[in-house]
Amino acid sequence: MQKLFCGISFGDLIFLTLMLKKAKEAWKVWADIPAPKRGEIVRQIGDALRQKIKVLGSLVSLEMGKIFVEGVGEVQEYVDVCDYAVGLSRMIGGPILPSERPGHALIEQWNPVGLVGVITAFNFPVAVYGWNSAIAMICGNACLWKGAPTTSLVSVAVTKIIAKVLEDNKLPGAICSLVCGGADIGTAMARDERMDLLSFTGSTKVGKQVALMVQERFGRSLLELGGNNAIIVFEDADLNLVIPSALFAAVGTAGQRCTTARRLVINRPGNYVEPTIVTGLPHDAPIVHTETFAPILYVLKFKEEEEVFAWNNEVKQGLSSSIFTKDLGRIFRWEGTFPDPKEELYLIFVCRPKGSDCGIVNVNIPTSGAEIGGAFGGEKHTGGGRESGSDSWKLYMRRSTCTINYSKDLPLAQGIKFQ
């Protein structure tokens, strides 16, 4: 079959174009619905997912490979984000600012961007879409989802559940559309100007390509890319917390399909990698700085706090990091703030750039598993994107500064007068 320049077949292009057209038409309907009502629909989606949570968890385990409890946990995360989005649907708004001109009002207005494309990775085939779609929907956006080609059954099952809720409310199912396919579909989505925001989760290598394609058309992107998380343990740490956290770091991804050194692959049916602990490497070894996406734990010895903090920050990734300590001062230094001793009662906090430069900074807990109330994402080669809680909803909207003159005069800003 003849191919286009980006590698997509004409048949796939026609299908994608049809889905984009349907999603754009559905958005016009969805955007006109008041935000609290949109929140009610998202609440129903959460309830529908909750009713199917064990079935979906089993499907995640079957198709993706992670254990059943983690599959259920992933669906639960989507449910939780739906609950979060319901409350948010009644709180979105911009400030009314004081105008310097008499008889004028200055308002920040937030509006939906339109159509949000969501490209997710195989390792979290449900939760990542949930973070994006629930928040994007209450903001008034339609969604077009392309899941990983290796987890298409999960994508189809979730989309069917959402579509039924929408259609039961006499709304077009295309508000949450789905396309299945490989990198050619993702490339077409990145290049298509009808895609108002593209949220991409995947490797840093592919993320760079996506960012360039979207930027080339002056589009908007949200990137959640690679991680390479460090756990730093000081000698005053509580070993009752350290040991299970280290074990989780070493074996937590053992059920995921990975590509790594051949000697680590377990000779048994399925795709599994043996958890491995590696010692004796220098902190700047290339393999230590590489996201292997496998259950490999590198153990490095350090002497000073400042030294090991620098090691954490020298890697290109900046997703999550954690220290184990009972030292209160070290905790604040790690988080990037510390009490200024010149201020009475240490009530004033100032920036300390030598702390962790990651987007997620933990103390006495592992580096994985984030609550939905806080923004999720990382710095540097992790992409700089933020999903889920806090003010991440702003990424799914566009801001307009609105000035309203309700007087009978026409004063200019900055007191300018043309005479």
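Predicted model: local features only at pLDDT ≥ 70, side-chain atom pairs only at ≥ 80, totals over all residues.
Residues are numbered from 1 along each chain as its sequence is written, and side-chain values use heavy atoms, with hydrogens and water left out. Helices (H or I, at least four residues) and strands (E, at least two) are DSSP runs, numbered from the N terminus.

**The five-stranded sheet**

- Five strands make an open sheet in the order E5-E4-E3-E6-E7, with parallel pairing; two strands count as paired if DSSP finds at least two bridges between them.
- At the edges stand E5 (176–178) and E7 (220–224), each with a single partner strand, so one side of each has no neighbour in the sheet.
- On average, neighbouring strands here are turned by 20° against each other, direction ignored.
- Angles and axes work like this: axes are lines fitted to C-alpha atoms, for helices over the stretch in contact, and angles run from 0 to 180 degrees between N-to-C directions.
- Zooming in on one pair, E3 (residues 115–119) and E4 (residues 142–146) share five bridges in the parallel sense, and Leu115 sits opposite Ala142 in E4.
- Helix H5 (residues 127–138) lies across E3, E4, E5, E6 (197–201) and E7, and runs at about 165° to E4.
- Helix H6 (residues 152–168) also packs on this sheet, touching E4 and E5, and its direction makes about 150° with that of E5; contact means heavy atoms within 4.5 Å.

**Helix H2 against helix H6**

- H2 (residues 35–51) packs on H6 at an angle of about 135°, with the axes 9 Å apart.
- That makes the pair oblique, given that angles under 35 degrees count as roughly parallel, over 145 as roughly antiparallel, 65 to 115 as roughly perpendicular and the rest as oblique.
- From H2, the contact uses Ile41, Gln44, Ile45, Ala48 and Leu49; from H6, it uses Ile161, Ile162, Val165 and Leu166.
- Sorted by class, this contact has eight nonpolar residues, one polar and no charged ones; Ala, Val, Leu, Ile, Met, Phe, Trp, Tyr, Cys and Pro count as nonpolar, Asp, Glu, Lys and Arg as charged, and the others, Gly among them, as polar.

**The three-stranded sheet**

- Another open sheet has three strands in the order E8-E12-E15, again with parallel pairing.
- E8 (230–233) and E15 (360–363) are the edge strands, each pairing on one side only.
- Neighbouring strands in this sheet are turned by 15° against each other on average, direction ignored.
- E8 and E12 (residues 320–324) pair in the parallel sense over four bridges, with Ala230 opposite Ser321 in E12.
- Helix H10 (residues 305–314) packs on the sheet, touching E8 and E12, at about 175° to the direction of E8.
- Helix H11 (residues 328–335) touches E8, E12 and E15, and its direction makes about 170° with that of E15.
- In H10, the buried residues (under 20% relative accessible area; exposed is over 50%, partly exposed in between, with a 1.4 Å probe and protein chains only) are Glu305, Val308, Phe309, Trp311, Asn312 and Asn313.
- Their cover includes E8, E12, H11 and E17 (379–380).

- E2 (residues 104–112) has a covered face made of His104, Leu106, Glu108, Trp110 and Pro112, and an uncovered one with Ala105, Ile107, Gln109 and Asn111.
- In a regular strand, side chains alternate between the two faces of the sheet.
- E1 (residues 96–97) runs antiparallel to E2 and is joined to it by two bridges, with Leu97 opposite Leu106.
- Six residues separate E1 and E2 in their hairpin, and Gly103 in the turn has a positive phi of about 70°.
- E2 also pairs with E19 (residues 397–405), in the antiparallel sense over nine bridges; Asn111 stands opposite Arg398 there.

**Positive phi outside glycine**

- Lys170 has a phi near 60°, lies in the loop between H6 and E5 and is exposed at 77% relative accessible area.
- Phe218 has a positive phi of about 55°; this residue is in the loop between H8 (204–216) and E7 and counts as exposed at 73% relative accessibility.
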